[in-house]
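This report describes a protein model and the surroundings of its ligand.

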Amino acid sequence: MSDFVTVGAEYDTYSTSGRGRLRHDLVFRRVQAELPERPVRVLDAGCGTGEMTLRLAAAGHLVTATDTSDGMLAAAANRLSTRPELAARVRFLRADVEVLDVNSDTFNLVCCHGVLMYLDEPATAVARLAGMVAPGGVLSVLSKNRSATGFREALRGEHALARGLIESGTGVSVGHLGVRTRGDTAEELDRLATEHGLTPLAWQGVRIFNDHRPRDWAPGPDEYASALETEWAASTRDPYRQVAPLVHTLARHTPDGSSH
Ligand SMILES: C[S@@+](CC[C@H](N)C(=O)[O-])C[C@H]1O[C@@H](n2cnc3c(N)ncnc32)[C@H](O)[C@@H]1O
C-alpha cells in the first residue's frame, strides 16, 4: 500500500479539476438515487480528503469516515472545519478497510470509493464491508475498471504503453496520482456482493468520454454541465459503460437476504 500522506494535496487538486468533478458528481448522483430522503447512517471507508463524506453530511446524513492515512484524515478534518454546520454529523476513525470493525455497527450506506485498486485483491475488503450493510442498506464500491485497461492511454496517444496494457490484460497500471493500481470488473464485484447476500443494482461506468482530458482540464459551466449529462446518460448503458476507466457497483442488502 502506498503512503497517501504525500498525495492529499494533489488529490484535492484532482477533485476540483474537470475530471475529478465528473467522477464525484456522477458517483454521488448514482448513490443518492438509491438513498431514502430521510437522514441515514453512512460509512465512508477510505474517505480520503472527505469529498463524499462532506457531500453526504451536507445532504443530512450521519457519516463515519475512515482511512488508514493520518494525512488524508487530517485533510478531511481540515475541510470539515470550514463547514462547522456539518461537524456534528461526521466522525473520523483511523482504520484499515480489510480489518474494519466499527463496534459491530451497521450502516444504511457503506461506501468504498477509489480504494480497492490500491489493495492486493478485492474479496477481503468487500466481505468486511458487506457485513456492515444494514438490512435494506446499500454497498457502493468504486474501483478501477479492469475491462478498460489501456483505453485511457490509447486515447491519449500513448500507443506503446496502451498496447502493453491491453495485451497483458492484468489491469495493473500507474494511476493519475502516480501510484500503482490494479483493476476489478463489475461482474466480479457484483459476484462478491452476491456471495455476501446482497442483490446487485445497476452498475455505472464513470467518466467514459472525458477520461483522456488533461489533468488541468477546466471546462466552463455550460461545457461542464453538458459533459456531465452526456456522461450520466451513458453511465448505466452498454456498450458505453464497459470502457469507462472506473466501475461503480452498488448492491442492496434486502431484508430477506441470506447474510448476517
Ligand atoms: C484515491 S483516494 C479516494 C478517497 C475517497 N474515497 C474518494 O473517493 O474521493 C484513496 C484513499 O484510500 C485510502 N486507503 C488506501 N488503502 C486503504 C485501506 N486498506 N484501508 C482504508 N483506506 C485505505 C488512502 O489512504 C486514500 O485516502
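The model is predicted: local features need pLDDT of at least 70, side-chain atom pairs count only at pLDDT 80 or more, and totals for chains, interfaces and linings use all residues. Residues are numbered from 1 along each chain as its sequence is written, and side-chain values use heavy atoms, with hydrogens and water left out.

Of the 260 residues, 52% count as buried, meaning under 20% relative accessible area (1.4 Å probe, protein chains only). The C-alpha atoms of the protein occupy a box of roughly 50 × 40 × 35 Å along the principal axes. Among contacts (heavy atoms within 4.5 Å) between residues at least 6 apart in sequence, 76% join residues at least 24 apart.

Around the ligand there are 20 residues, of which Tyr11, Arg23, Gly46, Asp67 and His113 come nearest; a residue is counted here if one of its heavy atoms lies within 4 Å. Polar contacts, pairs of N or O atoms within 3.5 Å, include the following.

| Residue | Protein atom | Ligand atom | Distance |
|---|---|---|---|
| Gly46 | backbone N or O | nitrogen | 2.6 Å |
| Asp67 | side-chain N or O | oxygen | 2.5 Å |
| Val97 | polar backbone atom | nitrogen | 2.9 Å |

The protein covers 98% of the 600 Å² of accessible area that the ligand has on its own.

Notes:
A polar contact is a pair of N or O atoms within 3.5 Å; within protein, one must be able to donate a hydrogen and the other to accept it, and residues adjacent in sequence count only if both atoms are side-chain atoms. Accessible areas come from the Shrake-Rupley method with a 1.4 Å probe; for residues, only the protein chains shown count as cover. Buried means under 20% relative accessible area, exposed over 50%, partly exposed in between (1.4 Å probe, protein chains only).
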